Amino acid sequence: LGAAGQVWFVWGTTSTALNSTTPKTTLPASAAAQSVSAALTGLKSKTTYYFQPVASAVGGTSYGAIQSFTAN
């Protein structure tokens, strides 16, 4: 992020409707890569979910690549 900011994930059951969000995590200013994770609960078995990381700081908001997983 370079500057202090917040990160979170948007997610849903289609890659075009990421309507759910995880709580935001505040990260300190850093030039180093930082790892972020979030737990999801209440997922349906054998359902594919899509998620995208989001980071927001003074300079604006950045969106990562949309990825997917299938719940057991």
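Predicted model: local features only at pLDDT ≥ 70, side-chain atom pairs only at ≥ 80, totals over all residues.

Reader: Let's begin with the fold. How many helices and strands are in the protein?

Author: There are zero helices and six strands, so from the N terminus on the order of elements reads β-β-β-β-β-β. Along the principal axes, the C-alpha atoms fill a box of roughly 40 × 20 × 15 Å. Of the 72 residues, 21% count as buried. The protein exposes about 4800 Å², and carbon and sulfur atoms supply 52% of that area.

Reader: Now the rings. How is a pair of aromatic rings described?

Author: The distance of the centres and the angle of the planes describe a pair. Here, a search of the whole structure finds four aromatic pairs. One of them is edge-to-face: F9 and F51, at 6.2 Å centre to centre with 65° between the planes. Because F9 lies in strand β1 and F51 in strand β4, this pair ties together parts that are 42 residues apart in sequence.

Reader: What kind of pair do F51 and F69 form?

Author: A tilted one, with 6.0 Å centre to centre and 50° between the planes. It links distant parts of the chain, as F51 is in strand β4 and F69 is in strand β6 (residues 67-70), 18 residues apart. One aromatic cluster is formed by F9, W11, Y49, F51 and F69.

Reader: Last, the empty space. How is such space found?

Author: Rolling a probe the size of a water molecule over the atoms shows where empty space is left. In this model, the largest pocket holds about 210 Å³ of space. It is lined by 15 residues, and the closest to its centre are V7, L27, Q34, V36 and A55.

Reader: Which strands supply at least two residues each of that lining, and what classes are present?

Author: The strands are β1 (5-12), β4 (48-57) and β5 (60-63). By class, the lining has eleven nonpolar, four polar and no charged residues.

Conventions: Residues numbered from 1 in each chain as written. Heavy atoms only, no water. 1 Å grid on protein atoms, 1.4 Å probe; cavity = no way out; pocket = protein on both sides within 12 Å on 5 of 7 lines; lining within 4 Å. Points joined across faces, edges and corners; volume = space filled by probe spheres on them. Helix = DSSP H or I, 4+ residues; strand = E, 2+ residues; numbered from the N terminus. Nonpolar A, V, L, I, M, F, W, Y, C, P; charged D, E, K, R; others polar. Buried < 20%, exposed > 50% of the residue type's maximum accessible area, 1.4 Å probe, protein only. Areas by Shrake-Rupley, 256 points an atom, 1.4 Å probe, with all protein chains shown as cover. Phe/Tyr/Trp six-rings, centres within 6.5 Å; stacked < 30°, edge-to-face > 60°.
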